[in-house]
Amino acid sequence: MEVNCVGCAGCCLDWRPLVDGQRDAEPTGFDHERRGPRAPLDDTYNLVALTRDEIRTFLEAGLGDALTPRLWEADLERDDDSLEIDGHRVAAVAGRPAFFVGLRKPPKPVAPFDREEPAWLPTCVFLDPSTLQCRIHGDDLYPEECADYPAHNLALEQETECERVEDAVGGNRLLDDDPGDEDDRSGLLLGPQAIGQKLFTHPEPEALEGLVDRVARDASTPADRAEFVATAAASSPGTFAISDHHYERARERVLEADSWIGRAIDEWGRLADETSPDAGLASDVEDARGAPSTPGWDGLETEGDGCEGTD
């Protein structure tokens, strides 16, 4: 599989506001992805779903402030199992609210698709606004979901973000649509095997009162996020069991996290409300706080497709 990522980052940010009609092109704005018909409570575009082991790796690295939960509105025509919390009918499994854990997307000044002027767009915490490259590409933190993209979509015969970008702004992004061998897509978890490994459930729905509403309003607090992240980190693959020891330790790590990511997110939010978008702000907001550098595209474009994360 070959994809051309140079100057794109379409799968790392919400580019729909740049193209008239894209945000309202689909009933939920998420149906093109492979996670089923249920609408998320949040409005994050293309959330990167992390596995339990990846969540633990982020916590061990002191990056718990990079993580956020996702819950779903139940599909009343499909779901026999759901719960009402904070006025939302939430999708559940075995009477327990279901959720993912993914990477936060604060507003950043980015100019994808060779645009001359940047715009404030929700962007992955690890995307460098200046180079449109991932700051953790290739290291131990790089999520399997990103490394395999868009092979999962191709294997499930779902439209990829590469194709959506091509349709909306032109260019060639998906250069080869062969998803490769099934053995190379270990992160594609579907059905019961996802429980406790990528799809998590919360054992105490009553403890989520107030939290669910804040998640839906994109107003979650560090304590809210810690509750979900710790539950995911303490989960056991294939079961509903939660390790109390792992939960307490994980929650503590999330609340203690004070990385460049959390501090940059706070600053991006302030700047988005007060200043015009300027991709050069990344140096002051992220680089100065210790963000890993990115190499730029000049040396990579000559090595094949120039893509990050896929082969």
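Visitor: How do the residues of the lining of the second largest cavity divide into nonpolar, polar and charged?
Guide: This is a predicted model, so keep that in mind throughout. The lining of that cavity has six nonpolar residues, four polar and one charged.

Visitor: What about the largest pocket: how much space lies in it?
Guide: About 550 Å³. Its lining has 22 residues, and Thr44, Thr68, Lys105, Pro106 and Asp218 are the closest to its centre. S2, H5 and helix H8 (260-274) each give two or more residues to that lining. By class, the lining counts 10 nonpolar, three polar and nine charged residues.

Visitor: Why is helix H6 described as largely enclosed by the rest of the structure?
Guide: Because 10 of its 12 residues are buried, and buried means under 20% relative accessible area. The buried ones are Asp224, Arg225, Ala226, Glu227, Phe228, Val229, Ala230, Thr231, Ala232 and Ala233. They pack against helix H1 (52-60), strand S2 (67-70), strand S5 (96-103), strand S11 (200-201), helix H5 (211-216) and helix H7 (244-256).

Visitor: How do you know that the span of H6 is close to what is expected?
Guide: H6 covers residues 222-233 and reaches 16 Å from its first C-alpha to its last, against an expected 16 Å at 1.5 Å a residue.

Visitor: Why is valine 229 called buried?
Guide: Valine 229 lies in helix H6. Its relative accessibility is 0% and the cut-off is under 20%, so valine 229 counts as buried. Setting aside neighbours within four places in sequence, valine 229 is in contact with Ile55, Leu59, Leu67, Val101 and Val254. Glycine 64 is 165 residues away from valine 229 in sequence, yet their C-alpha atoms are 8.1 Å apart in space.

Visitor: Which residues have the most contacts inside the largest nonpolar core?
Guide: Ile55, Phe58, Leu67, Leu103 and Phe126, in a core of 60 residues. The elements that give two or more residues to this core are H1, S5, strand S7 (119-122), H5, H6, H7 and H8. Apart from it lies another core, of 10 residues, among them Ala74, Ala91, Ile195 and Leu199. In soluble globular proteins, nonpolar side chains tend to be buried together.

Visitor: With which residues is leucine 67 in contact?
Guide: Beyond its neighbours within four places in sequence, leucine 67 touches Leu50, Ile55, Phe58, Leu59, Val101, Gly102, Leu103, Arg104, Arg225 and Val229.

Visitor: What makes aspartate 114 and leucine 132 stand out in their phi values?
Guide: Most residues other than glycine have a negative phi. Phi of aspartate 114 is near 65°, a positive value, and phi of leucine 132 is near 55°, also positive. Aspartate 114 sits in the loop between strand S6 (107-110) and S7, while leucine 132 is in the loop between strand S8 (127-128) and strand S9 (133-134).

Visitor: Are these two buried or exposed?
Guide: Aspartate 114 has a relative accessible area of 64%, and over 50% means exposed, so aspartate 114 is exposed. Leucine 132 has 8%, under the 20% limit, and therefore counts as buried.

Visitor: Why is glutamate 157 called exposed?
Guide: Its relative accessible area is 73%, and the label needs over 50%, so glutamate 157 is exposed. Glutamate 157 belongs to the loop between helix H3 (151-155) and helix H4 (161-169).

Visitor: What kind of peptide bond joins tyrosine 149 and proline 150?
Guide: A cis one, with omega about 5°. Proline 150 lies in the loop between helix H2 (144-148) and H3.

Visitor: And for the whole protein, how many of its residues count as buried?
Guide: Of the 311 residues, 53% do. The protein has nine helices and 11 strands.

How values were computed
Residues numbered from 1 in each chain as written. Predicted model: local features only at pLDDT ≥ 70, side-chain atom pairs only at ≥ 80, totals over all residues. Heavy atoms only, no water. Helix = DSSP H or I, 4+ residues; strand = E, 2+ residues; numbered from the N terminus. Expected span 1.5 Å × (residues − 1). Buried < 20%, exposed > 50% of the residue type's maximum accessible area, 1.4 Å probe, protein only. Contact = heavy atoms within 4.5 Å. Nonpolar A, V, L, I, M, F, W, Y, C, P; charged D, E, K, R; others polar. 1 Å grid on protein atoms, 1.4 Å probe; cavity = no way out; pocket = protein on both sides within 12 Å on 5 of 7 lines; lining within 4 Å. Points joined across faces, edges and corners; volume = space filled by probe spheres on them. Core = buried A, V, L, I, M, F, W, Y, C linked by side-chain atoms within 4.5 Å.
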